[in-house]
Amino acid sequence: MLTPQNICLIWLLLLLRVAGAVKLDAFRSTGDSTHSLDHSSGLSEAMGRIFDSADACDFLIVARTEDSSETVSQTICAHKVILLPFRPFNVSKGAESITISMSRPCLQHFTTFIRYLYTREVNVTTSSLRCIHWMASHFGAKRLMEDAGRLFTEVLPEDRSFKVQLSLYNYATETGDLLLQENCLRYLAWNYHNLTTSPAWTQLSVQLLESLLLRADLVAPDEYFVLRSVESWITDQGNSTTLETQAKLLSHVRFPMIPAERLHDLESSSPLYSAHRGLYQEKMLKALQFNVLLFSKIQASPAFNKEDADYQSRIYTGGPWSTVLDPSKDQQPVYFPPPSRRNPYDRYSRLNPSRTSFGVSSYTLAASLETPVHNSLIFQKDKVQWRANILQTQQDCSNEGLVCDSLPMARLRAQRSVFQDKVSFRNRLLLMCRGSYVVQVQDFKNDVSPVKVNGTYVVSYPCPGDQYTFQFVVRPQYV
C-alpha cells in the first residue's frame, strides 16, 4: 500500500526528472570522487502503474461533454500531489473533486492526457493532436502545449482535401493561438492553387479567404487566376454572401497585376461584372493606367499611394515568370574533353559552370528562362534572360565566381544588367515536396539562396524522404 509520504517522495523524484536526470550520490569519499547512480529511466513506467491502479487516489475528476442533447461523462480518480502544479484543478483549496466540460471528440482523449501528467509521456495522433493541445493549454501543461503546437506543422501537409488545415485554422481562431493561425494561413497561401481545387474550397469562411487575399506570399499562376477563384467562391456561396461582402473580397484582387489581354475580356467573361460594375470599372481603369503609363506618370498622380498592394506582385508561377528544376529528372551529363582535344575558343567548354575536370562527365542542374523586364504592358518587348541552376559542389560555385557557405546552393541570375532604375527584382525560390505541395518559400540574396543549412533542409513543413523540386520565380517590382 502506498502511503501519502511515499507518493510525495515519488512526486519529488518526478519533478527532478523533468528538470533533468535524477542523480543520487551513492558514495562520496573524503576526496573529490563522486559516484552517481541514475535510475530515473524507470520512473515514468512506475508512475504510469500508479495512475493505472489508482491506489491511494484522493481526487475525483469528472469530465463531461458540452452537448446538451446527450450528456456523456468520464470519471478519473487521481492523486492531488500529482495535480498540484496544475492550478486549474484547484486541488490546493481542499476540494475533493472537480467537474470539467469539454467537447465530445476530446472526451475520449482525456484519460490519455491525465496519464501524461504522471508519466510525461504521450502518443499523439493526427486525430488527437488538437484535443491534446487544447487540454495542455487549458490545464497549464506548458511543455506539452508547446510540443503539440510544433506538431501542427507536421500534420498540415497530410490531408490533400484541406479539411484538416481548415479545422486547425478554425481551432486557432477560437483559442486565439496566433502562431498556429499564421502556420495555417502560410500553408494555405503557399498552396493556394491546390486549395482552390479541393473539397474544402467552398467551406472557407469570408474571414479566411480575405486573410489569404491580403497576403503578398500567396502563390498562384497569375492574378487572373486569383480573380477567377474569388469569383468562383462567391458564385458557389449563392445568396449567403451580401453584395457588400462580395465587393470587399473583390477589392483585394490586384487588378493591375492581371495581364492586359485578360482585362479586355472581363466585361463579357466575368460572372460578377454586372453586379459590381462600378468596382470592376474603377479597378480596370487603374489596371490599364498601370499597364500603359510609365510608372513615373502614375507616381505623379495625387491619388497614387506607393504602399498600395495593387501595385505589388504576389508569387506568380505561371509563364513566363518561373521555371522548375527536378533533381530526379533534369540532371544531364556533360562531357568535357581533355585539354589536348579541346578547342581553346570553344565558349561552351570554357564557360559551362558544371565543369569539374577534363576528360570526364559531370552533371548539371540548370535551366534558362526569358521574362519581360516588368509585367506591365509597356515592357513586354524588353526581355531579360535568366539562368537558374543548383550549385552542387564547391567547384560549381568556384566556376561561378562564388564561395558557397553551404551546398547545394540555388542561383537565379540575369544574363545582362537591367538598366531600369525604377525596377528591382525580388525573386523567390519555392521548395516543393515531390512536385505536389510547397513546403518552403525563400528569398534570393545577391542572386543565391541556400537549399540546405549545415547539411539540412530548412523547411517550414515536412517532406517525407526530402524529395524536393525547386521552382525559381522572377518577381519584378517598381521602386
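## A nonpolar surface patch

Ile378 sits in the loop that connects β11 (366-372) with β12 (383-391). The model is predicted. Ile378 is partly exposed, at a relative accessible area of 36%. Patch members need over 30%, so Ile378 at 36% clears that cut-off.

The patch itself is nonpolar and covers about 410 Å².

## Helix packing

Helix α8 spans residues 163-175, and helix α9 spans residues 178-190. They pack at an angle of about 150°, and their axes are 8 Å apart. An angle over 145 degrees counts as roughly antiparallel, so α8 is roughly antiparallel to α9. Their crossing is left-handed.

## Cis peptide bonds

Most peptide bonds are trans. Gly319 and Pro320 are joined by a cis bond, with omega about 0°. Pro320 belongs to the loop between β7 (315-316) and β8 (322-325).

Leu407 to Pro408 is also a cis peptide bond, with omega near -5°. Here the loop runs between α19 (394-399) and β13 (409-414), and Pro408 lies in it.

Most residues other than glycine have a negative phi. Ala54 has a positive value, near 60°. Its loop lies between α2 (43-53) and β3 (59-65). Ala54 is partly exposed, with a relative accessible area of 26%.

Asn446 is not a glycine either, yet its phi is positive at about 55°. Asn446 is in the loop between β16 (437-443) and β17 (448-450). Asn446 is exposed, with a relative accessible area of 66%.

Key:
Residues are numbered from 1 along each chain as its sequence is written. This is a predicted model: local features need pLDDT of at least 70, side-chain atom pairs count only at pLDDT 80 or more; totals for chains, interfaces and linings use all residues. Side-chain values use heavy atoms; hydrogens and water are left out. Patches are made of residues with over 30% relative accessible area and no salt bridge: like charges are joined within 9 Å, nonpolar side chains (Val, Leu, Ile, Met, Phe, Trp, Tyr) within 5 Å. Accessible areas come from the Shrake-Rupley method with a 1.4 Å probe; for residues, only the protein chains shown count as cover. A salt bridge is a side-chain nitrogen of Lys or Arg within 4 Å of a carboxyl oxygen of Asp or Glu. Helices (H or I, at least four residues) and strands (E, at least two) are DSSP runs, numbered from the N terminus. Buried means under 20% relative accessible area, exposed over 50%, partly exposed in between (1.4 Å probe, protein chains only). Axes are lines fitted to C-alpha atoms, for helices over the stretch in contact, and angles run from 0 to 180 degrees between N-to-C directions. Angles under 35 degrees count as roughly parallel, over 145 as roughly antiparallel, 65 to 115 as roughly perpendicular and the rest as oblique. A crossing is left-handed if the near helix is turned anticlockwise from the far one by less than a right angle, and right-handed if clockwise.
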